[in-house]
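Visitor: I'd like to learn how to read a model like this one. Could you walk me through it, feature by feature?

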Amino acid sequence: MDSCRRDTELPNKIGIKFFTAAIAASEQSAYLLTTDGRLLRLTAAEISPIENVGEVEAMTTTTAGHLLVEVRNQGIYEY
C-alpha cells in the first residue's frame, strides 16, 4: 500500500453534488471548477461554494494560496 495515500472523505455538509472540470490547489485548499460552472473550495474540514461573477475560463492559485480566476469578458478576480 502506498504510504502517501490517504483514503478520507470530506464532509459535504451542504449536499453539493458535482463533477469536476478543473482543479487548482494550494497548501491549505483545493479549488474545483465544476462541469456546471460552480466554484468550490475544499479544505480538510469541508466543501464550500465560492460565489463567482460569470463563466470561468481559467483558474490558478497564487504563491500566497489565493485563487485567481479569469472570467469571460470580465477580467481576472482574486479570491
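Visitor: Which residues make up the largest nonpolar core?

Guide: The general idea is that nonpolar side chains tend to be buried together in soluble globular proteins. A nonpolar core here is a set of buried Ala, Val, Leu, Ile, Met, Phe, Trp, Tyr and Cys residues joined through side-chain atoms within 4.5 Å. Buried means under 20% relative accessible area, exposed over 50%, and partly exposed in between (1.4 Å probe, protein chains only). In this structure the largest core has ten residues: Ala24, Tyr31, Leu33, Leu39, Ile50, Val56, Met59, Leu67, Val69 and Val71. Strand 2, strand 5 (56-61) and strand 6 (67-71) are the elements giving two or more residues to this core, and strand 6 supplies the largest share, three residues. Strands (E, at least two residues) are DSSP runs, numbered from the N terminus.

Visitor: What does a second, separate core include?

Guide: That one has five residues, including Ile16, Leu32, Leu40 and Leu42.

Visitor: Before we go on, what kind of model is this?

Guide: It's a predicted model: local features need pLDDT of at least 70 and side-chain atom pairs count only at pLDDT 80 or more, while totals for chains, interfaces and linings use all residues. Residues are numbered from 1 along each chain as its sequence is written, and side-chain values use heavy atoms, with hydrogens and water left out.

Visitor: How do I read a sheet, and what is the strand order in the open sheet of four strands?

Guide: Start with pairing: two strands pair if DSSP finds at least two bridges between them. The four-strand sheet runs 1-2-3-4, with antiparallel pairing. Strand 1 (20-25) and strand 4 (47-50) are its edge strands, each pairing on one side only. Inside it, four bridges join strand 2 (residues 30-34) to strand 3 (residues 39-42), and Leu32 has Leu40 as its bridge partner in strand 3.

Visitor: Which strands stand at the edges of the open sheet of three strands?

Guide: That sheet has the order 5-6-7, also with antiparallel pairing. Strand 5 and strand 7 stand at the edges with a single partner strand each, so one side of each is left without a neighbour in the sheet. Strand 6 and strand 7 pair over four bridges, and Glu70 stands opposite Ile76 in strand 7.

Visitor: Where does Asn73 lie, and is it buried or exposed?

Guide: Asn73 lies in the loop between strand 6 and strand 7 (75-78). Asn73 is exposed, with a relative accessible area of 78%. Check its backbone too: Asn73 has a positive phi of about 60 degrees although it is not a glycine.
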